[in-house]
Amino acid sequence: MNLLHVIGNLLLLVCCWFLSLISLNWVSNGGIMTVKSGLIGGDGGQIWMKLWDQISVFGCKIQHHYSQYIGPKKLRKNWWRKLLIAWILLGIILSLSVFWYMSSLALDKRKETLASMCDERARMLQDQFNVSMNHIQAMSVIVSIFHHDKNPSAIDQRTFARYTERTSFERPLTSGVAYAVRVLHSEREQFEIQQGWTIKRMDEQTPVHEDEYDPADLETSPAHDEYAPVIFAQDTVAHVISVDVLSGKEDRDNVLRARESGKGVLTAPFRLLKTNRLGVILTFAVYKRELPPNATPAERIQETAGYLGGIFDIESLVEKLLQQLASKQTIIVNVYDTTNFSDPISMYGSNTSSDGMHHVSALNFGDPIRKHEMHCRFKQKQPWQWVAITTSVGLLIIWLLVGHIFHATVNRIAKVEDDYNHMMELKKRAEAADIAKSKFLATVSHEIRTPMNGVLGMLQMLMDTRLDETQQDYVRTARESGKALVSLINDVLDQAKIESGKLELEEVSFDLRAVIDDVLSMFLGKSQDKKVELAVYVSSKVPATLVGDPGRFRQIVTNLVGNSIKFTDKGHIFVTVHLVEEASEMEFERDESLSGLPVVDRRRSWSKFRSFNLESPATSSSSSSDQINIMVSVEDTGQGIPTEAHSSVFNPFMQVGPSITRTHGGTGIGLSISQCLVHLMKGEIGLASSPHIGSTFTFTAVFSNIHGQQQVNGSISSSEFQGMRALLVDPKKVRAKVSKYHIERLGIHVEVVPDLSLGLTNTPTVNMVFIEEEIWDCKNVGNPKMLILSNSCSSDSARSPFVITKPLRVSKLAASLQRAMGVSSGGNNLSREIHALSLRNLLHGRKILVVDDNPVNLRVAAGALKKYGADVVHAERGAKAITLLTPPHLFDACFMDIQMPEMDGFEATERIRKIELGIKNGIEDGELCAEAYGNVSNWHVPILAMTADVIQATNEACARSGMDGYVSKPFEAEQLYREVSRVFQTMSDESH
């Protein structure tokens, strides 16, 4: 494309962009509708809309044309270099154009100034000449009246000279006035005798200087028909008396023309006598009587008495005029007689060189025959046009700057586009790497967890056989090691999911107190082995049931408690749960702790939380009717964390020191995962720690509340211990508060006393007494029933009537009280919570299909199910499972592996559900016979997913494919049985 085409496209693009901005703003303000309805009317509005549509289409074409040919994707360096050169040349042309334009304006202004000055001088000269001319004409009338009409004459030379001298101010341009009388040849002799001098001829000899002039040197006028000798003259020109004005070649025709026309007549410029300066004579004829305006030339000649002439010294007169003006030195003035246009006569001025600029002003001195002009020019040359120069140069600089900016912008856009393309390429690579990483993790997870499932399953089956004590210990150790490996795999996979942003939270209802109790049960053995007291306290203001992700909440608490167990060798580990608004009510006493050992101020662990800013409304509304903001603290009396390590404890794979890993083990990602989970729960996490004193980790989490929930303190209202009274003997306030919390959950009224004897004296009517082991005395055995609270399961039963092992949990406490008090648990709700349904009764005779491509997993699943009387059928492929589960069949449930060759579990399940739905619709439409399908119209076999892929196999994916549950590998028998119990219990409820 050529350069003009490109520039045109750019200009059109700018116009289109400008119109687009206006149109968008106008349309957004309802401008088109207003014009349509209010200004143009119906038909006009339609025409306007069509025209606007055409403009829009044209604008779109321009933008498309720009993006196709000039877009940054097709810019090339050589093309852009040509465009840049064209831009520079265009700027130079524009700058020169501006310079020429401004110079032209300055030149025109200079011409206007010269014309104004020249016209002003010409007008002044002409006006003053007209004044003098009128005065001379008036004098001709005076001479006619007082000289020719009077006899004797009233005018003589002396009178004429005095009068003309005194009235010279009225004739500023005249240098003298003279009157020549008409004398015929016949009257000459008498006239000369009367005047006393002879008539002289106007000599054409070379003029002399004024001091050399003598009238006596003039020759006598030769004989003519008539003469016009000067008889009266102003003193300034008295030397012309006796000179015959008709004898001069230049004046004769003018004098004769003056008497024929009756008007003033000018002579051509000539050198004046005596002064030798250029001058002209204005001549008026003096008539003997007043003639009518239409008098003929012959009548005028006949009545002519003489001639009155005014002498004008043009050079001196113009010089006097210029001296009256302040700017006389600015311009040079020349006055010309242009009667003969081809050979003008210079009347004033010089030929001084100029810049060539001149102006001509016409002069009208009253004689239509004679033409005069005033030529003006500046004395100085035109100065440099600095305004034009600076403006054009500045414009060029701005133009070049704009070009530079545009060039830099285009280069920047191109660079940004290249960077963007590069980043998009990197993004695609990163996404591909992330997908590959996810697939790798899924594959590795599956490949590791699949054999681990077999190992753990076989170890469990081995433990069910007859083994001696040493063999049992070996198998138990191997099984715990396998579980530790699975836990490590889970942590690594969780960290990978967090980094990829694929970790999501569930929204299900759960019992927070039950979750905390379960976590403490996990660490029961370790705490007893290390003789560390493990306890939990949940505020009565925390609702019994919340909506959130119990699994992830359990994972956070498990990580924190696990770290405390790992680094605590004495003292206690205390888990507390409160609402956020209760934080301001908590008090801290350093020596008042669960075990009596000093602890850190737990308030430091949440001092930097945003939700604890008392001036913020978030604190007061943290636990609204819809949202519950809870705070969980895990306090221990362990080794503590140095202050310099506080900022790095939440970093993944970070340990306080290298010796920690060698001493206590671990990967250092538990706290990092916990922090990410807390953030997903819209909470915060912090710590307070001092070396050799201990640590306190605190986090907040936001859960949803269940509307209409009545039970908020977690007590079991239907407990068989409801209404009983108990005495709790414990001198430590914190520990007594924890024990009281657990006992009151069973509906028992508790009174705390520091001493047993004091308690029995003040409260004699109690059903049971709880007493700490450290203050127990065997002599106190008797009524009421004594229950000892112990941190160890090795208490001597001979010394104690009944021992309840800590940590306290509501289920364990209830079971212990039932045994101690001899209370039957027949059929109540608590017994149903503690004792699950009999798995043998539930699974006996059930026909279950297990689908897995791994033979070991098949054996593990089959062994766990057959143990409780189930009839297990194997299938190694999804296609075979479809064949076996196509109605009619006798299977009660199916365990389906997700990752299998040829056809995965999701696809197999979807096909099974389609087959079941087709049979149901066919029976309902009458196309199929119900008897052929066992008289069952709604076929739905429960399918539970089995997989080692913990990333891709989610509850949502299982639900979308039509599965009824989810079991993760390596699964334990309890987990497997729990899912089967849920499915069969649901089927039993639906059948009823």
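In helix α14, residues R552, Q555, I556, N559, L560 and N563 meet G670, L671, I673, S674, L677 and V678 of helix α17, where a contact denotes heavy atoms within 4.5 Å. The residues of this contact comprise six nonpolar, five polar and one charged; Ala, Val, Leu, Ile, Met, Phe, Trp, Tyr, Cys and Pro count as nonpolar, Asp, Glu, Lys and Arg as charged, and the others, including Gly, as polar. The model is predicted, and local features are reported at pLDDT of at least 70, side-chain atom pairs only at pLDDT 80 or more, while totals for chains, interfaces and linings use all residues. Residues are numbered from 1 along each chain as its sequence is written, and side-chain values use heavy atoms, with hydrogens and water left out.

Two packed helices are described by the angle between their axes and the distance between the axes. For α14 (residues 550-567) and α17 (residues 670-680), the axes come within 9 Å and cross at roughly 145 degrees. Axes are lines fitted to C-alpha atoms, for helices over the stretch in contact, and angles run from 0 to 180 degrees between N-to-C directions. The crossing of α14 and α17 is left-handed, a term used if the near helix is turned anticlockwise from the far one by less than a right angle. In α17, the buried residues are G670, L671, S672, I673, S674, L677 and V678. Buried means under 20% relative accessible area, exposed over 50%, and partly exposed in between (1.4 Å probe, protein chains only). After α17 comes K682, with a positive phi near 60 degrees.

Across the protein chain, the secondary structure comes to 27 helices and 31 strands, helices (H or I, at least four residues) and strands (E, at least two) being DSSP runs numbered from the N terminus. Of the 992 residues in the chain, 44% are buried. Among contacts between residues at least 6 apart in sequence, 72% join residues at least 24 apart.

The structure holds 13 aromatic pairs. Rings of Phe, Tyr and Trp (its six-membered ring) pair if their centres lie within 6.5 Å, and planes under 30 degrees apart count as stacked, over 60 as edge-to-face and the rest as tilted. One of the pairs is that of F129 and F312, which is tilted, with 4.5 Å centre to centre and 35 degrees between the planes. Here F129 of helix α4 (residues 77-148) is linked to F312 of strand β10 (residues 304-313), 183 residues apart. F129 is buried at a relative accessible area of 2%, and F312 is buried at 0%. F129 also pairs with F365; the centres are 4.1 Å apart and the planes at 35 degrees, so this pair is tilted as well. Because F129 lies in α4 and F365 in the loop between β13 (358-363) and β14 (372-378), the pair ties together parts 236 residues apart in sequence. Both F129 and F365 are buried. Elsewhere, F510, F553, F699 and F703 form one aromatic cluster.

Charged side chains are also placed over rings. A charge sits over a ring if NZ of Lys or CZ of Arg is within 6 Å of the ring centre and within 35 degrees of the ring normal. R188 lies over the face of Y227, 4.7 Å from the ring centre, and the charged end of K847 sits over F891 at 4.8 Å from its centre.

S811, in helix α20 (residues 810-821), is partly exposed at 33% relative accessibility.
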